[in-house]
Amino acid sequence: MHVSETLALASRIARKMRTSANTVRHRTRLRAMPEFRPAPGASVDVLVNFPGEPVNIYQIRQWYGPLEYLARTHRVAILCYQPSTAELVARETDLKVVLTPSYTDLREVEQDLRPKIILYPNQNYANYRILGITSAEHVFISHGESDKIYMASNWVKVFNYFFVAGEASRDRLRKHVRNYDVDARTLAIGRPQIDIRHESPLKAQSDRITVLYAPTWEGGRRTMRYGSVASHGVTIVSRLLSDSRFRVIYRPHPRTGVLDTDFAEADEKIRDLLHDANEANEDAHLIDTSAFGWQLEFADLMITDISAVAYDWLTTAKPLLVTQPTEPEAVMPTEGFIAKTRLLTASDADRCNQIVSNLLDDAMEREKLARWADYYYGDRTKGASLSRFASAIEQVISERDQAVEMRQNPSNSGCPVSANAAPEVGRPPKPAARAAMRGVTFAARSIRFAGNGMANLVAQYQGESKLIDSRDSAMKRRRSEILVSTMAGPQDIGLLLDWLPALELVNRTHSVAILTGNQRTYDRLVRATRLRVHIGRNASETEEMFVELAPRLHLQFEQANLNLRELTHRNLRHVYVGSDEHCDWINNRLRAFDTVLFNGPTSVDTIASTLINLPSTTALTVIEDQELDGQGHRARSRSASILATLNESISNAPETRKSVM
């Protein structure tokens with residue numbers, strides 16, 4: 001590298017090290033307080049998993065009310081991975097907050113908290129590790145109903161249940177997620193948040209119409225860029241403020257401007273407009289950063305983007321105006337109420353005050369929204385959603401308790417149940433010894449993590465400086481029927497390397513490609529195989545390559561956090577290949593796959609008995625190659641299993657739980 005490149009890399013490493021050091025100090029300070037640690041001997045019934053940063057706290061904040069209601073009858077806790085997030089959540093709710101000893105250390109969950117249900121309000125990649133726990137049922141609760149593509153992602157398969165709002169969500173899943181038993185794996189709870197009472201920070205003004213403008217942010221990918229702040233926002237607020245009939249509540253998404261300076265600048269202009277208007281009119285308007293809920297009752301009409309907030313507002317059946325995104329690649333809903341609603345274009349924003357007036361006087365529009373609300377949420381009478389939420393929790397706890405009680409010991413298969421399948425028994429080490437062991441383990445893990453992180457950063461920087469972007473090349477554009485994705489480091493791809501001869505055999509008749517997100521892994525694979533190897537240096541690039549390659553079959557050989565990202569893709573068959581040497585891979589994450597390929601010493605009964613209610617749509621396929629002599633025989637047996645699975649995917653044949661290759 002040149003001197004300038006070396007200095008730039010050193011600066012990046014130094015910034016990361018400073019951030020890490022500050023986080024460790026903050027974590028150490030909070031962990032010294034009993035309120036951020038599990039109470040001795042106090043397990044919980046319900047644990048909410050929240051690994052997000054403070055900027056994403058809106059995702060958990062909206063669940064405080066329903067969780068506090070649930071805490072009247074159950075032991076409830078919130079698990080945070082970031083010290084700044086834990087501190088903020090603890091200030092906002094009386095619920096128990098537990099901060100993990102490190103970002104990746106979940107031993108206290110398995111040994112002390114021992115939850116019966118783990119709830120997930122988001123699709124954070126860090127969810128992947130805790131999803132491996134087999135002694136709990138895992139439930140996706142989302143952070144709002146919507147017709148966005150993530151609400152019908154293949155990713156929902158990884159959970160035991162999805163607590164959906166109503167029939168609209170079920171229809172969406174039936175249409176878009178293949179090989180998913182919607183009736184068996186969803187429970188409809190409505191929207192519990194609408195049953196929580198909130199105090200308004202504003203006084204009502206009967207002589208003015210209150211308009212809530214609640215745009216979303218710019219989005220992390222082009223396909224999800226629905227935000228209107230930069231395209232519509234300044235014009236919308238200006239026109240409303242120019243009309244004395246209207247009072248404006250501006251509620252921007254907390255992440256507004258994080259990735260796009262145009263959004264940040266437009267947000268600042270809107271705030272200035274409201275500040276100036278308030279100086280002239282005694283604080284009539286509001287820049288809102290409060291908890292969401294009171295606005296539903298207080299405001300007369302909402303203007304928003306294609307986002308979950310629109311669907312929250314739908315519960316009121318009051319007038320709603322949704323913006324048309326200006327990003328050409330934004331994926332638009334093709335069904336549901338937004339698909340059948342006339343959207344506000346950027347060019348029409350200049351007359352939004354007149355459009356708002358017309359909507360307020362349109363009785364037929366109100367009736368239409370009420371019908372949509374019934375379809376999305378079902379019974380909206382006061383208290384109905386909270387009651388359905390509590391009943392769903394009770395049902396899952398009862399199911400989990402019965403499953404754990406009936407679970408058989410699969411030790412006769414040669415694969416012991418993973419440590420998280422049941423609480424630890426026996427005498428624990430003394431506190432001092434336990435603390436010392438944890439300290440040594442943490443130090444060792446930190447050194448390894450830092451070493452791998454720096455090595456990855458150096459490799460990525462070198463790769464970016466010398467790699468020719470071949471996105472438009474014939475090699476990149478050529479489709480692959482079979483795609484192997486690996487987001488792990490080079491030290492964790494041993495099983496994939498072992499399967500390369502089989503994959504190269506398959507490639508003689510069906511195109512095979514490998515996609516990785518790690519530069520060192522990419523370098524190693526390029527040296528190890530003649531197969532095409534691609535690298536996705538960020539989420540958008542990986543998504544684009546996945547779409548361009550258009551595979552029918554997707555294989556994974558290890559369990560890394562970023563594997564969740566690749567499992568979101570629909571309309572193809574996802575296959576996990578289990579290790580021959582150990583059984584650590586047998587955990588709840590297998591639910592996300594349509595097929596699991598494995599051979600001895602594992603058995604179908606081992607997997608089925610280790611997991612709580614593994615869905616019948618997951619095919620468990622045994623590869624009988626362990627008795628064959630020679631690598632060539634093994635490669636042919638393995639390639640045959642891949643081709644058979646590919647043919648099954650193409651023909652869409654009915655899946656069976658037990659099959660043998």
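Which helix does Glu 566 lie in? Glu 566 belongs to helix H21, which runs over residues 563-566. In this predicted model, its relative accessibility is 0%, so the residue counts as buried, the cut-off being under 20%.

**The chain as a whole**

Let's step back for the wider view. The protein chain has 661 residues, and 54% of them are buried. Its secondary structure comprises 23 helices and 20 strands. Among contacts with a separation of 6 or more, 70% join residues 24 or more positions apart. The chain exposes about 29,000 Å², of which carbon and sulfur atoms supply 51%.

**Nonpolar cores**

The largest nonpolar core holds 47 residues, and the members touching the most others are Leu 79, Ile 130, Leu 173 and Ile 607. Several elements each supply at least two residues of this core, among them strand S2 (76-80), helix H5 (107-113), helix H6 (127-130) and strand S18 (595-598). Helix H22 (604-610) and strand S19 (619-622) are also on that list. Ile 607 is worth a visit: beyond residues up to four places away in sequence, Ile 607 touches Trp 585, Ile 586, Leu 590, Phe 598, Thr 602, Leu 614 and Leu 620. A second, separate core has 37 residues, including Val 512, Met 545, Val 575 and Leu 597.

**Helix H18**

Which residues of H18 are buried? They are Leu 495, Leu 496, Trp 499, Leu 500, Ala 502, Leu 503 and Val 506. As a reminder, an α-helix has 3.6 residues a turn, so residues three or four places apart point the same way.

**Confidence**

The average pLDDT of the protein chain is 86, and 85% of the residues score at least 70.

| Stretch | pLDDT | Contacts in the model |
|---|---|---|
| Residues 416-429 | below 50 | 18 contacts |
| Residues 653-661 | below 50 | 29 contacts |

Note on methods
Residues are numbered from 1 along each chain as its sequence is written. This is a predicted model: local features need pLDDT of at least 70, side-chain atom pairs count only at pLDDT 80 or more; totals for chains, interfaces and linings use all residues. Side-chain values use heavy atoms; hydrogens and water are left out. Helices (H or I, at least four residues) and strands (E, at least two) are DSSP runs, numbered from the N terminus. Buried means under 20% relative accessible area, exposed over 50%, partly exposed in between (1.4 Å probe, protein chains only). Contact means heavy atoms within 4.5 Å. Accessible areas come from the Shrake-Rupley method with a 1.4 Å probe; for residues, only the protein chains shown count as cover. A nonpolar core is a set of buried Ala, Val, Leu, Ile, Met, Phe, Trp, Tyr and Cys residues joined through side-chain atoms within 4.5 Å. pLDDT is the predictor's confidence in each residue, from 0 to 100.
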